[in-house]
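This briefing sets out the fold of one protein chain and the surroundings of selected residues. The sequence and the structure are shown first, and the points are then grouped by topic.

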Amino acid sequence: MTKAYSYACRDCEGMETCPASMTAETKEELWQLTGLHAQIAHGENPADWDAETRAYLETLIKEVDV
Ligand SMILES: [Zn+2]
C-alpha cells in the first residue's frame, strides 16, 4: 500500500453539490489539481487564495492508502 492525498470538493463549505474529488501521490500535486479544478469548475483564481483559505483547504485534505 502507498500513501496518497485526497481532496473532495464537497467537503468544502459551499461546495456540497460538487462531485469532484482528486487524489495524488504528493500534497504538492494535489494542490495543483485542486487549484486547476477550482479554476475550471468554480471560476476561482487559486493565486487569490489567502493563507486562511489555504489553511482551511489543508484541513480537508485526507491521507489515504491506495
Ligand atoms: Zn468543485
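**Residue Ser21**

Ser21 counts as partly exposed because 15 C-beta neighbours lie inside 10 Å, a number between the limit of 12 or fewer for exposed residues and that of 20 or more for buried residues. The model under discussion is a predicted one. Further points on Ser21 follow.

- Ser21 is located in strand β2.
- Across the strand pairing, the residue opposite Ser21 of β2 is Ala8.
- When residues up to four places away in sequence are not counted, Ser21 touches Ser6, Tyr7, Ala8 and Cys9.
- The C-alpha atoms of Ser21 and Leu33 are 9.6 Å apart in space, and the two residues are separated by 12 positions in sequence.

**Overall architecture**

- Two helices and three strands make up the secondary structure of the protein.
- Read from the N terminus, these elements follow the order β-β-α-α-β.
- The radius of gyration is 11 Å, which agrees with the value near 11 Å that a compact globule of 66 residues would have.
- The C-alpha trace spans about 35 × 25 × 20 Å along its principal axes.
- Of the 66 residues in the protein, 6% are buried.
- Considering contacts between residues at least 6 apart in sequence, 39% join residues at least 24 apart.

**The sheet and its packing**

- The three strands form an open sheet with antiparallel pairing, in the order β2-β1-β3.
- Strands β2 (21-24) and β3 (62-65) stand at the edges; each has a single partner strand, so one side of each is left without a neighbour in the sheet.
- On average, and with direction ignored, neighbouring strands of this sheet are turned by 35° against each other.
- Helix α1, comprising residues 27-42, packs on the sheet and touches β1 and β2. The direction of α1 makes about 155° with that of β2.
- Strand β1 (residues 3-8) is joined to β3 by four bridges, and the two strands run antiparallel.
- Four bridges likewise join β1 to β2, again in an antiparallel arrangement.

**Residue Ile61**

- Ile61 lies in the loop between α2 (51-60) and β3.
- With 17 other C-beta atoms within 10 Å, Ile61 is partly exposed, because a residue needs 20 or more such atoms to be buried and 12 or fewer to be exposed.
- Apart from neighbours within four places in sequence, Ile61 is in contact with Tyr5, Tyr7, Lys27 and Leu30.
- Ile61 and Ser6 are 55 residues apart in sequence, yet their C-alpha atoms are 5.6 Å apart in space.

How values were computed
Residues are numbered from 1 along each chain as its sequence is written. This is a predicted model: local features need pLDDT of at least 70, side-chain atom pairs count only at pLDDT 80 or more; totals for chains, interfaces and linings use all residues. The radius of gyration is taken over C-alpha atoms; the globule rule is 2.2 Å times the number of residues to the power 0.38. Two residues are in contact if their C-beta atoms, placed from the backbone, lie within 7 Å. Two strands pair if DSSP finds at least two bridges between them. Axes are lines fitted to C-alpha atoms, for helices over the stretch in contact, and angles run from 0 to 180 degrees between N-to-C directions.
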